[in-house]
Amino acid sequence: MVELGSGNAMGADLSRHGVSDNLVSRAEAARSVVVVFATTPLAGLACAGGSLLGRLTRQLILLPVRDVHVVTRGDDSFRGLDDVAGLDGAGEFRHTVAASDGLAEDLRIVARVARSSTSAVAVLSGDVVAHTEALATLLEHPSRSTGAIIGNGEAGPLRPPVRTEWSKVVSAGNSFHQVEWANGTFRGVLQVGEAHLGSLADVADELARLAQSRQLGRAGDTEVADLLLAGLVRAGVPVRAAAIGPLHCERVAGQIAADTAVQRLAEVDEQAARLDAAIKTGDGFFATYCVSSWSRRLVRPAARMSLTPNAVTGISIGLAAIAAVWFSEGDRLAQIIGALALYLSFVLDCVDGQLARYTRTFSPLGNWLDAISDRVKENVVYAGLAVGYAAAPEGPRDIWALAVAVMILQTIRHLVDFSYSGSVADAAKAADPAEQEYSLADPWDTVQRTRPATTGAASVLALSRRLDSGAAYWLKKIIVLPIGERMALIAVTAALFDARVTFLALLTWGGGALLYTLAGRIARSFA
C-alpha cells in the first residue's frame, strides 16, 4: 500500500461542508478500520465541488473511524483521490491507497486487513451516497458488532436482495448468490466486529479463490461488499440488520443518479430521523400509544442537559419510590397521586432507553441497571400498596399474602423469559459455524440451520405469524402483560379501587400470561 501525504486544507474543506471543529475532535474510543472500494469510475463522479469518494471520506472523519484503505485499479488520474489527499492527518484519521488488479485481489486485500486489524472492519463501496446519520447507525453503534445497512424497496443491480428475520440478515444475495423470500435490500455498507474478523478473512479468501477460478458467475468489481455479506451469512456469522428508516443510503450508477441522490438527502431532517430511530419499535400497546407518543419530546432536552441514561433511570426509580410512599398512605387522594407518580416513573423508564439510543451511549451497566430497576420499582410499589391497605381499619390481613403471591408470580415469569433467552443463546453458541457445511460456489443458500419442526409446533408457529398484523398483533402484545401494561394496571386499579383489586387483577392476568408464554415457548422449542 502506498500512503498518501497529509494536507493542510483540512479545516477549510470541512468548514465548507458545514462540519464543526468539535465534531472532528472525538474522544478516545474504539474506532473502525474502513476499506473503501473505488475500483470503478463511479466513485469519482462529481459531487459538491469534489467527488463521491471525497464526500464519503469527509463523512467518515465524523465517525469513529481510525484508518481508511482506499482500493483502486492503480489509475493515478482517478479524480476522487485528489479530494481524499487533503484530508489525511485529521485527528486520529489516517488513510492509505492500494492498487488492485481485479475482484480476487480486492477480496484478498479485505482478508489481509481483517487479519491485521484489532478493531471492527467496515467495507464500503466508493459510489455510496448516504446521510452521515445513516452511516452512523452502523459505524457509530457502541457494540461495534457485525452488521449491514439494510433498506426497503425493490432489489436491483446496486441493491442486492436480503432476507431478514428479527433484525438479523439470514440470507443475502448478489449477481451470483440467490435469495428466496427477500424482504429488504443491502445498501453497500458492511461492518464486521472484532469477534468475527477471522471469519471475514476466511470468507474473503474463499471468495477470492472462487473469483480467480471464475466460479462466481457474473460477479464483478462492484460487488465486493455484496459477496462478503453473502459469505458471512452462509458461514453462520450473526449479522445485524441496521435499518435506516427514512434516511437514505444509495449506490449510484451515473452522474444523473448521483445528483438526484444528493438532492434527496436534503429532503430529510437527519436529527428528526435520529430521534424517530431512538423510539423503540415492537413495544407494548400502552408504551407505544400512551408513552412513546409524547415522551420523545423529553429526549432532546435531556441530551442538551447532558443527562445520562443511567441518571434518567435513577430519577425513574426515585419517582417509583415516591409513588410507593403515597400508596402507603392508603387514602383516595394519596392513591391517585401515587398512580400519577408511577405513570411518570414508567415514562422516564422509556426515556432512558430512548436517550441511550439517541446519544448512542449504551453500556453493560446501563443494560443491567435498566433491567434490575424494573424489578425493584415493582416490588417497592407492591409493598407500598400493601402497607397502605393493611393500615386501614377495614383492611384484611391477607393483603400481604396477595402481595407476596404477585411478587412470586412475576419472579417466575421473568425466570421463564430469561431462562428461555439463555437457552436460545447457548444453542446458538453450540452450533459452531466452523462445523456447518456451506458452499459459496452454490448460488442457492441451502444450509439447514434448524431441525425440522414437528407438525403441531409448525402449525402453532404458522398461526402465530399470520396473526402478526392489525388488532391481533396488539392483542398478542397485550395478553403477555408486559411492563407497560402492568404499570398501567397498577396505576388505574390503585387510583380507582384499592390494593386488593390491584393484586387480584395482577394474579389473574399475570397467571394467564404465564400459561400463554409457556405454551409459546414449548411450541418454539420443537421448531
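1. Trp166 lies in the loop between strands β10 (161–165) and β11; helices (H or I, at least four residues) and strands (E, at least two) are DSSP runs, numbered from the N terminus. The model is predicted, and local features need pLDDT of at least 70, side-chain atom pairs count only at pLDDT 80 or more, and totals for chains, interfaces and linings use all residues. Residues are numbered from 1 along each chain as its sequence is written, and side-chain values use heavy atoms, with hydrogens and water left out.

2. Trp166 is not a glycine, yet has a positive phi of about 55°. Most residues other than glycine have a negative phi. Trp166 counts as exposed, at 76% relative accessibility (buried means under 20% relative accessible area, exposed over 50%, partly exposed in between; 1.4 Å probe, protein chains only).

3. Arg214, in the loop between α7 and α8, also has a positive phi of about 55° without being a glycine. Its relative accessibility is 77%, so Arg214 counts as exposed.

4. The largest nonpolar core has 48 residues, and Leu200, Leu228 and Leu229 have the most contacts inside it. Such a core is a set of buried Ala, Val, Leu, Ile, Met, Phe, Trp, Tyr and Cys residues joined through side-chain atoms within 4.5 Å. Elements giving two or more residues to this core include β2 (32–37), α5 (103–116), α7 (197–212) and α8 (224–234). The most comes from α7, with 9 residues.

5. A search of the whole structure finds 7 aromatic pairs (rings of Phe, Tyr and Trp, its six-membered ring, with centres within 6.5 Å; planes under 30 degrees apart count as stacked, over 60 as edge-to-face and the rest as tilted). Tyr289 and Trp474 are edge-to-face, because their ring centres are 5.3 Å apart and their planes at 65°. This pair links distant parts of the chain, 185 residues apart: Tyr289 is in helix α11 (residues 285–290) and Trp474 in helix α19 (residues 470–479).

6. Which kind of pair do the rings of Tyr473 and Trp474 make? With centres 5.1 Å apart and planes at 75°, this pair is edge-to-face. Phe285, Tyr289, Tyr473 and Trp474 form one aromatic cluster.

7. The charged end of Arg274 sits over the ring of Tyr358, 5.3 Å from its centre (NZ of Lys or CZ of Arg within 6 Å of the ring centre and within 35 degrees of the ring normal).
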